[in-house]
Number of protein chains: 2
Amino acid sequence: MPTHPQKPLIIKTGVQFTTKVRLLVKLPEVDYQLKVKTTFDNFENTLGASFSLLRSRQFFILTNNTKVMDIEDYSNGCLSVEFRHLQLKEKKYTNGTKGNEAVFVLLGSSCFCSPMLHNVFLQTCSLPLVVISNVSQLPGGWASVMWYNLLTDEPRNLGFFGNPTRASWSQLSEMLSWQFSTFAGRGLNKEQLDMLGEKLLGQLVSCGDYQVSWSKFAKENIPGKPFSFWMWLDSILELIKKHLLPVWNENYIMGFVSKEMERALLKDREPGTFLLRFSESHLGGITFTWVEHSDSGDVKFNSVEPYTKNRLSALPFADIIRDYKVISNGGVPENPLKFLYPDIPKDEAFGRLYNSQPSKGKMLTSDPIALSLSDSSRSEASTTPRSCPSPEPPMTPGEFDMLSEHLCFDIDTVSFLF
Amino acid sequence: MPTHPQKPLIIKTGVQFTTKVRLLVKLPEVDYQLKVKTTFDNFENTLGASFSLLRSRQFFILTNNTKVMDIEDYSNGCLSVEFRHLQLKEKKYTNGTKGNEAVFVLLGSSCFCSPMLHNVFLQTCSLPLVVISNVSQLPGGWASVMWYNLLTDEPRNLGFFGNPTRASWSQLSEMLSWQFSTFAGRGLNKEQLDMLGEKLLGQLVSCGDYQVSWSKFAKENIPGKPFSFWMWLDSILELIKKHLLPVWNENYIMGFVSKEMERALLKDREPGTFLLRFSESHLGGITFTWVEHSDSGDVKFNSVEPYTKNRLSALPFADIIRDYKVISNGGVPENPLKFLYPDIPKDEAFGRLYNSQPSKGKMLTSDPIALSLSDSSRSEASTTPRSCPSPEPPMTPGEFDMLSEHLCFDIDTVSFLF
DNA sequence: ACAGTTTCCCGTAAATGC
DNA sequence: TGCATTTACGGGAAACTG
């Protein structure tokens, strides 16, 4: 199990993780033990080649990394060893090049069989994974995992990020929707994806499918903003996961709407109609915009400053909507939010989601009154037996091949689907 | 320097600290080096005794703990070595007894002199200190440091907490006031201390001086509350440090007033007169109570639920006072807080302390409206030379004694005054 | 079982490295 | 010098351990 249970294949240095090595074939009942060692593969090329180059960044396993595969460790019909409390640390004396956080590396494992299988060397490896040193790198690391799995079928394409291939918008948008359905319980509809596509690619999306670069997706900042497209999207995903889950799952958050579209949708609606959208200017923010008619009959739009995780952890979003008040010139506070777009009465939509006491009767506002008018794994077995001269070969070549092909190394029991 | 710069003599395991060993005498210019080693003293009795017992809890220094005292390290006219990045860890294989967090222990240091002073052994030690494993133990640890320093002049009374002596209320109250003046910039006045004394001791305080036990001060819970007296007081100190410093320093927080006293003070005052007091039921909370007259002419007292660090970090306290509104039956919100007790107009008192925009004109309340009607070193040198048979004594006995008496060990440059 | 302690690790801030 | 990355550690919560 990697450090973040929800995000496999990402390991943070200094934080414990778990891995399991399995022998996929049922062996004849012989009385021997397998000594298994888990190591971090610091070499550039594939396993089993006759020579290798050390990578520019190297890691090692700090903790106990050898275990004996016990006959009693049968689980699901195969021999396995689980390594717990493994911890990764970077080697500090490597040549100066500090790579980016998207470096893909391999966790390898080797088996020595004794006494009967003595001198037979077996090796397997995990899927490529990302090493980070701080949770602040988790979004970037996850972007790498997604991009890799979207564009490579090879289980061990370690040079992938040297020249990452592009993704078509149809591929990418499907994956983005998948992220929302996996982590937030509800995916993205066509309108939401269209807005995202336009944000990422401009009007190009509408003119057929388009190729998106890795850089545009996760490295370059959105023009005029201090964050990349994925950083922005991930901040919203996190906001939903932590503070908006029920509202999101009820499909009450339109979320991804441009301000132009927002106005177009609201302008012909009943006064007091509102919709919820994510902030495009700040990371992890959600606002509401409502329509009203001024005395002269003009249509007016009002928005509130985005609510971020800090404000939402003080009061759940549904309660904010219920308790939101505008103090009109008459001095009487009133809630301007009447209908969730297109025309659902507010309490009908949010009623079940209210948490704390509603405000009524004599009330004390113990909180500020602000002036604000505008919105400012798939499991993969890979083995590479090395032929070593064995003085007394304990198995036939056929038996050996079979054994080699069924030694499996999972970094997590959770499968990883893309 | 210990882990918490403001609270010396408390070291948290796994967190870096700094210490300095100084040779207080100016040595004749000889060409030798002193190798100094810092260790954690895990023995029961004083330095230099012929035998010792291991303590039930033992710690050791994880990191590099030897350094050579260089001739060039002269600072303030004496030889010194500074140890940085020291880290403490508990020995895990000791006998089962887990002691409490108030264990006092010693950091020791020994010097080997070579080549001229070869075979001469010198040793010094720090003041007693407290080891904790989590910042949640900091208040308890600090209570120990205070109690020790209040009641012992001995620099190394390690058995003190086996049977801690009592403190007189006059001693203790002086120290409590000192804590507030040190950490919050303003001490406690007689009325505040009287309230604290009564809380701790009942009416006994008024009948002359009284002895307070260590247990009553920091171990036993306040009757009916899930926290001790010091836990409660420290939570308030922390609240002031983080969120109330300017208001506290302007002396606008009466703070320590019983509810009875509060009512007695307010009842004859102008309606809208209010005062600020700390919550006695919750840790780290502050409320305000104001007086008003009901239609029938009765005096009424209203309080708000205590503000805690979470709410105060959303909006500073002065702004809360400015923006606080009661929505009367007429529906018009109004601020009931008019005069800070005894009769200071609110804005006159808090005007300078307001931070954000005041609320006026058309206002949006983006925050909840709650229904709430009631308050529901000194530097110490200690050396114990051991006489070792030296084949070629490089110094006269007099010189040696002088050297021994002037080897000093500070755990911090910050002096510690009680 | 429970209560006092410790461990774990996120998330912010500061330090470091290139 | 500035940005990318790591380290430091407070703080909340889970895990531990007698």
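A residue is counted as buried when its relative accessible area is under 20%. In the predicted model described here, this criterion applies to 13 of the 14 residues of helix H1 of chain A, so the helix is largely enclosed by the rest of the structure. Helix H1 comprises residues 138-151 of chain A, and the distance from its first C-alpha to its last is 20 Å, close to the 20 Å expected at 1.5 Å a residue.

Charged side chains were examined next. Over all chains, a search of the whole structure returns 35 salt bridges. One of the pairs in chain A joins A:Glu90 to A:Arg57, with 2.9 Å between the closest N and O atoms. These partners lie 33 residues apart and link distant parts of the chain, A:Glu90 belonging to strand S7 (residues 88-90) and A:Arg57 to the loop between strand S3 (33-41) and strand S4 (59-61). A:Glu90 has a relative accessible area of 10% and is therefore buried, and A:Arg57, for which the value is 15%, is buried as well.

Because the two residues are four apart in helix H3 (residues 190-201) of chain A, about one helical turn separates them. A:Lys190 counts as exposed, with a relative accessibility of 56%, whereas A:Asp194, at 35%, is partly exposed.

In chain B, the side chains of B:Lys7 and B:Glu238 meet in a salt bridge with an N to O distance of 3.8 Å, which falls inside the cut-off of 4 Å applied to such pairs.

In chain A, residues A:Lys7 and A:Glu238 take part in a network of salt bridges, in which they are linked together with A:Asp234, A:Lys241 and A:Lys242.

Terms used. Residues are numbered from 1 along each chain as its sequence is written. Chains are lettered from A and ligands numbered from 1 in the order in which they are written. This is a predicted model: local features need pLDDT of at least 70, side-chain atom pairs count only at pLDDT 80 or more; totals for chains, interfaces and linings use all residues. Side-chain values use heavy atoms; hydrogens and water are left out. The expected span of a helix is 1.5 Å times one less than its number of residues. Buried means under 20% relative accessible area, exposed over 50%, partly exposed in between (1.4 Å probe, protein chains only).
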